Amino acid sequence: MRNRLAWPIALATALGVCPAAPAAADDATPSTPPEQIVPVRGSAQVGSGPHRYQFVLRDTVSAAPAALRPFALSHSAFDLPFVKAQKDVYQGMTDAQGRTPVFAFERAPPAQGWVLLERFGSGPYGERMRLQAGDGEGIGAMAYELVVCGKTPRLYRGVTNAHGDTAYVATSAIVDLLIFLDADSTSAGGAPSAPRIEAGDGRTALRRCREDAAGSA
């Protein structure tokens, strides 16, 4: 997936933000493990074996369980045996309590390395982005817009998690991915005088992507 960061250089300087290399989840800097719970009896199960894991996905704004939310699960140091795609990312939907299915393994994965993110879209290709300050710390609570510029353009809105990760964006083909940030956020040391990227910028980019897609059809 190709990636372009759609923000003015002045804004990047004002926020002290260095975008992480848009890498697959298993290549990015490890995050704190997601919330793990004792597997709930009656939950759907993926895979087989005595080592069983279940997680709760939390909303990045309210911290409430993210019910019926598309998610992406991966491990930075362990291949998920029930995933055939090259990206090695399991794509699923949480239940009404924000829980993933139970994942079962013949051998236990390392405790560190799990990555659980909200997911936009679906398909064998995918990326997440991590927003980092100049000191390398992830920038949490940053509102963003992601524009998937491909055959069928899409606009997604979200807020980075505590580690600065965006949602995982999955697509059916290789596309351009553009990110727009909300310059009003000062949680990462942003200056109030920083030039604002309006929410309409994402919609403008989406319209241009649609025009390009129609022109190449």
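This is a predicted model: local features need pLDDT of at least 70, side-chain atom pairs count only at pLDDT 80 or more; totals for chains, interfaces and linings use all residues.
Rolling a probe the size of a water molecule over the atoms shows where empty space is left. In this structure, the largest pocket holds about 410 Å³ of such space. Its lining is made up of 27 residues. Those nearest the centre of the largest pocket are Arg58, Thr60, Leu116, Asn161 and His163.

β9, which spans 114–121, and β13, which spans 154–159, each contribute at least two residues to the largest pocket. β9 provides the largest share, with six residues. By class, 13 residues of the lining of the largest pocket are nonpolar, eight are polar and six are charged.

The second largest pocket has a volume of about 210 Å³. Its lining counts 14 residues, and Val148, Thr152, Arg154, Thr171 and Ser172 are the ones that lie nearest its centre. The elements giving two or more residues to this lining are β13 and β14, the latter covering 168–171. The largest share here comes from β14, which supplies three residues. Six residues of the lining of the second largest pocket are nonpolar, six are polar and two are charged.

β13 links the two descriptions: this strand supplies at least two residues to the lining of the largest pocket, and it also gives two or more to that of the second largest pocket.

Definitions and conventions:
Residues are numbered from 1 along each chain as its sequence is written. Side-chain values use heavy atoms; hydrogens and water are left out. On a 1 Å grid over the protein atoms alone, a cavity is a set of points where a 1.4 Å probe fits but cannot get out, and a pocket is an open set with protein on both sides within 12 Å along at least five of seven lines; lining residues have an atom within 4 Å of a point. Grid points are joined across faces, edges and corners, and a volume is the space filled by probe spheres set on the points. Helices (H or I, at least four residues) and strands (E, at least two) are DSSP runs, numbered from the N terminus. Ala, Val, Leu, Ile, Met, Phe, Trp, Tyr, Cys and Pro count as nonpolar, Asp, Glu, Lys and Arg as charged, and the others, Gly among them, as polar.
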